[in-house]
Amino acid sequence: MTLNQRVLEWTEAELGVEGTVLEVVRAPAQVLSVPGKDVDPTAPETVQLAADLIATMRVSPGCVGLAADQVGVSARIFCVDVSGHVKTKTHHGTYVLCNAEVVEASRNEKAREGCMSVPDLTGDVKRASRLKVRGQLPVTGETVEIVTDAFEARCLQHEIDHTNGLLFIDRVAGAHALHQRQTYL
Amino acid sequence: MTIHAITVLGHDRPGIIADTTARLAGLGLNLEDSTMTRLRGHFAMTLLCAGEATTEAIRADLAPIAADGTLTVTVYDLPDEQTQAGDGRPFVLSVHGGDRPGIVSTVTAEIAAVGGNITDLTTRLSGDLYVLVAELELPADADVAVLESSVKRVTQELGVDATLRPIEADDL
């Protein structure tokens, strides 16, 4: 797996603004069901939102990714950091992607996942474990492609789903694939 | 061979399954299909078993399980029906949104209207969020696009979201 060095070296210091911790909204909030609008990665409000997403992710136990609609903003931007997760293989540290889309997806695997916006349920979801994603970095707006696997691939698909107004509930594998959460982090 | 349908419902505690199935085994009954789960903290079990024991004998043998009044046990006989493998196409339907009366009846009516058969269905109420996940078989001649649009229409009226997807089985 070839890491994208630009993304790997990216840190929130590039944003140049302090993030504010925002309240995470929960389903059935309507904002979670609406496809987000494309964002201008260079716009000051986008940069501030990127910093806010990271700040909110940092203070949320177990949180490995957060999309703008989860803080009540219907916009196609999210942050990710799976570097500390036990299921992670390849990872690119902390980063924010704007207007991201899946370019290639293969090797589906089923695993149980949860979401801060659906705090009391988990679901078994089949997702690609090899993934190529294209998006734009905030501030510079440069387009980057990330090729990754395993947990980072799952996280990216989960967050991109958020930007398209979808929850993991929309993808659970069947009637016995929805579970009451057993463990809270 | 008689098929006995046994339900056990009530306050959850360790040992319900072990106790019930030991008694059924003691009667020479063979445990076949079953479902056992917790619903809002209550234990709910439905199981089918086959054997020569009479319904009255099973009821008498299971009576101690319900003796403390926290569990309800029922025993009924069913005709032995062999499952027919149909030509239906399997789908999974997810519905979620704010809890309100009528979500299940409204959505399942649309499935029934095209001759779809629900083979498994789970609902969960989590705070204000209501979630329904159904597995269904659609007749070979059912128009999936028509069903999808009718489900979208009624779920929009209910203010909830719906996703209909084919179930893909990876045969190895």
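This report describes parts of chains A and B of a predicted model.

## Basis of the model

Residues are numbered from 1 along each chain as its sequence is written, while chains are lettered from A and ligands numbered from 1 in the order in which they are written. Because the model is predicted, local features need pLDDT of at least 70 and side-chain atom pairs count only at pLDDT 80 or more, whereas totals for chains, interfaces and linings use all residues.

## Domains and sheet of chain B

Chain B is divided into domain 1 (2–78) and domain 2 (89–166), with bounds that come from an automatic or database domain assignment. The C-alpha centres of these two domains of chain B are 31 Å apart.

An open, antiparallel sheet of chain B is built from four strands in the order β6-β7-β5-β8; strands (E, at least two residues) and helices (H or I, at least four) are DSSP runs numbered from the N terminus, and two strands pair if DSSP finds at least two bridges between them. Strands β6 (117–126) and β8 (160–166) of chain B stand at the edges with a single partner strand each, so one side of each has no neighbour in the sheet. Strand β5 (residues 89–98) of chain B pairs with β7 (residues 129–138) of chain B over ten antiparallel bridges, and B:Ser94 has B:Val133 as its bridge partner in β7(B).

Helix α3 (residues 103–113) of chain B lies across β5, β6, β7 and β8 of chain B and runs at about 20 degrees to β7(B). Angles run from 0 to 180 degrees between N-to-C directions, with axes fitted to C-alpha atoms, for helices over the stretch in contact. Helix α4 (residues 144–158) of chain B also packs on the sheet, where it touches β5, β7 and β8 of chain B, and its direction makes about 160 degrees with that of β8(B). Residues are in contact if their C-beta atoms, placed from the backbone, lie within 7 Å.

## Annotated positions in chain A

UniProt, in an unreviewed entry, places the feature "binding site" at A:Cys115, A:His158 and A:His162; such annotations may be inferred rather than shown by experiment. These positions are spread over 48 residues of sequence, yet they cluster in space, with a largest C-alpha distance of 10.3 Å.

A:Cys115 lies in strand β3 of chain A and counts as buried because it has 24 C-beta neighbours inside 10 Å; the cut-offs are 20 or more other C-beta atoms within 10 Å for buried, 12 or fewer for exposed, and in between for partly exposed. A:His162, in helix α3 (residues 150–163) of chain A, is likewise buried, with 24 other C-beta atoms within 10 Å.

Technical notes. Two residues are in contact if their C-beta atoms, placed from the backbone, lie within 7 Å.
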